[in-house]
Amino acid sequence: MKQFVFLLCLLLAHAAQAQTSDAAFRQWQDNKFSMFVHFGLYSELGGVWKGRPVTEGYSEQIMAFAPVPKSEYEALATHFNPAHFNADSIAALAKRAGMRSVILTGKHHDGFCLFRTKTTGYNLHDASPCKRDLVKETAEACKRAGLNFGLYFSLIDWHYPYASPMSSHNADFITPEHHEYTKAQLKELLANYGPVSELWFDMGSNTPEQSKELYELVHRLQPSCMVSGRLGNDRYDFCVMEDNRYPDATLQTPWQTCASMFDETWGYRSWQERKDADGKAKEKIRALINVASHGGNYLLNIGPNGQGNVVPFEREVLENIGKWLGRYGYAIYGSKPSPFNEDFNWGTATRNGKQLYLFLSGSYPKDGKITLHMPGYTLEKGDGKMAAYLQYGDEIVLTVPASAYKDSLIHVLTLDFDKEIMPLPAKETRSAVLSAHNATPLCSYSGIDYYTNYKSTVGYVWNFNQILLKQLDLIYTLQEAGRSVDLTIDDTTYNLTLDEGKPQKMTPLPGTEWGELYLYGPEKGSFNDSPKEKKEWKKVAERNGTIACKPFESYWLMQEVESPRAQRIMVEIGAGNGVEVCVNGKSVMKHLNPYRCTFRKEQVILPLKKGSNRITIRLYNRFEDRLQYLFRPAETPVIYRKEVTLPEMLNGKSHTVTIRPHNPVSPHADAELSNLRIRLRRIAM
Ligand code: FHN
């Protein structure tokens with residue numbers, strides 16, 4: 001069932017954006033492992049300016065961080081001659097590493113183009129003595145090697161005179177002239193170099209219209225080209241985590257982690273300390289396993305030096321990974337994510353057909369035992385060489401020797417089952433009330449720009465058992481009233497409007513005691529960052545106030561509430577660009593508000609425990625200079641109830657209920673249904 005829901009979600013996400021062909025999607029998803037190449041004028045400097053190592057920022061952005069005056073940086077082009085850049089040998093290395101595509105920086109933030117273009121003379125062919133077009137050379141080399149070829153394209157440009165000026169965050173607005181310039185360059189890139197498997201847009205802050213226009217332009221010119229999420233405004237074919245970050249869940253959308261050899265830089269850095277290629281390869285193999293087990297793709301970067309030579313350390317790391325993939329690649333390529341709903345300390349899993357692959361990539365279990373809960377599956381064959389296997393009912397117990405973890409190699413065990421392995425159902429709930437708090441969330445990734453993104457909850461799933469069910473109630477607040485939702489029970493979907501059914505007044509804040517309101521901030525960082533522990537809270541007098549703020553800053557409100565019992569209370573929260581609410585350290589609601597919305601008030605139901613509770617609220621700002629906030633008990637707490645009668649009595653053993661918004665504006669945006677509860681009216685058996 002969960003598999004069905006997952007496929008349905010992918011199809012819906014796919015259909016909603018009229019994007020690339022299914023074959024291109026499948027091919028992209030099956031690639032699993034690709035090479036990123038950061039190469040440009042900055043490679044020549046190798047992280048050093050006027051004899052001084054530039055320790056701040058990434059080395060491909062040395063122009064901004066040294067800083068290097070524009071005229072001096074651009075003069076580098078006149079003698080840039082990467083004579084050793086050999087696209088065939090880079091493609092051959094990618095193949096040896098087990099990578100399936102190469103993504104080259106066609107243009108990075110410095111605006112210097114590695115391709116011959118009519119749009120500017122600032123390109124390797126026209127401005128440099130070598131007169132080469134590395135996009136052409138790499139595209140052709142990839143074709144010869146049977147690899148996909150993709151392009152990185154920076155949406156900001158420090159050379160183009162009519163672009164926004166260089167900033168500290170690189171998420172600058174795109175001027176209309178710059179947007180036209182981008183379109184002209186994309187037209188060349190998509191017309192002149194054969195199939196481009198993906199366009200890896202990066203940085204800048206497109207408006208929703210600009211993102212849409214570029215997304216459609218790419219697909220008009222090359223329908224099979226996959227577009228990266230950094231185009232912004234949820235226009236994407238696959239989303240990209242922030243640099244060197246990994247999601248902690250399987251997402252309902254194609255996704256990718258991009259990683260550099262060292263977190264500090266993507267472009268070549270001559271003074272980078274590079275030790276222990278074996279250890280580095282193991283670190284990256286673990287990362288690849290982690291990504292594959294959550295259903296993603298892994299894009300690992302190399303940064304050749306100014307002559308175009310691949311750094312020997314990076315070559316060695318890739319070759320080591322290739323050796324491991326040569327042995328265990330069958331458990332990575334074409335695999336599906338782990339069927340389990342939890343992460344384990346011993347390692348992780350992927351699956352393919354009837355086979356389950358266990359990666360011993362974590363730490364050795366104390367008693368040497370790995371226990372898998374797999375109701376409905378019969379183990380037909382274990383991987384005799386390394387572990388002993390026993391099945392007790394729903395549980396499969398492996399006994400693994402410590403040596404399996406001590407080896408320099410990360411081992412993979414294969415288990416054969418009696419039937420195709422599907423995602424295992426989420427934990428069953430015994431409660432008659434289904435809520436966000438006992439659901440398995442369906443997660444996607446939504447965002448406007450590099451900082452303004454987050455793991456969104458696009459729907460909720462519950463499993464329950466042995467129940468006769470004919471009627472259920474949807475319970476919600478004014479916040480959800482009027483919205484249309486899809487309620488799927490097993491295989492049947494009901495489209496329902498949450499009308500203002502039967503209103504019912506709630507008693508405001510039964511017996512709670514409220515302390516003062518506190519404020520913390522500003523805190524820099526992306527909306528996706530997990531909340532951190534804070535100490536320096538300052539009292540605020542106003543429950544409805546305004547704070548001056550800068551781009552990409554968050555402020556936090558904090559409220560302590562004493563509750564005589566475990567209960568739900570309704571509050572009113574107002575915020576600008578984005579909001580997150582945590583109760584006792586757990587995030588219970590998080591979403592972005594509509595584009596450039598400066599204030600939105602909403603009713604939120606908070607689950608309190610008996611005793612002291614701490615409520616914290618993140619007020620996220622993108623580009624506004626003032627942040628308006630509100631936090632108070634709801635003045636007139638009303639909840640609504642809508643009765644739903646099923647056409648037929650539901651019986652049998654196990655059932656699944658899923659709720660999602662009907663026709664959402666974006667398939668990736670948060671469902672904003674955390675207040676909703678479903679009460680199952682059980683019929684006694
Ligand atoms: O600013 C760039 C950075 O230089 C590099 O290209 C990375 C790769 O993901 N992207 C941006 C930062 O996220």
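A polar contact here is a pair of N or O atoms within 3.5 Å; within protein, one of the two must be able to donate a hydrogen and the other to accept it, and residues adjacent in sequence count only if both atoms are side-chain atoms. H108 gives an example: one of its polar side-chain atoms sits 2.7 Å from an oxygen atom of the ligand. H109 also has a polar side-chain atom 2.7 Å from a ligand oxygen, and for Y152 the distance from a side-chain N or O atom to an oxygen of the ligand is 3.4 Å. On its own the ligand would expose 320 Å², and the protein buries 97% of that (areas come from the Shrake-Rupley method with a 1.4 Å probe, and for residues only the protein chains shown count as cover).

A word on the model itself: it is predicted, so local features need pLDDT of at least 70 and side-chain atom pairs count only at pLDDT 80 or more, while totals for chains, interfaces and linings use all residues. Residues are numbered from 1 along each chain as its sequence is written, and side-chain values use heavy atoms, with hydrogens and water left out.

Zooming out, the protein chain splits into domain 1 (26-328), domain 2 (348-417), domain 3 (433-506 + 639-680) and domain 4 (513-590 + 602-633), with bounds from an automatic or database domain assignment. The centres of domain 2 and domain 4, taken over C-alpha atoms, are 44 Å apart.

What about single residues? F115 lies in the loop between strand 4 (101-107) and helix 7 (124-127); helices (H or I, at least four residues) and strands (E, at least two) are DSSP runs, numbered from the N terminus. With a relative accessible area of 0%, F115 is buried (under 20%; exposed is over 50%, partly exposed in between, with a 1.4 Å probe and protein chains only). Beyond four places in sequence, F115 touches several residues, including G106, N123, D133 and Y193 (contact means heavy atoms within 4.5 Å).

K280, in helix 11 (residues 277-293), is buried too, at 10%. R351 belongs to strand 11 (residues 348-352) and is buried at 4%. A polar side-chain atom of R351 lies 3.1 Å from the backbone oxygen of I421.
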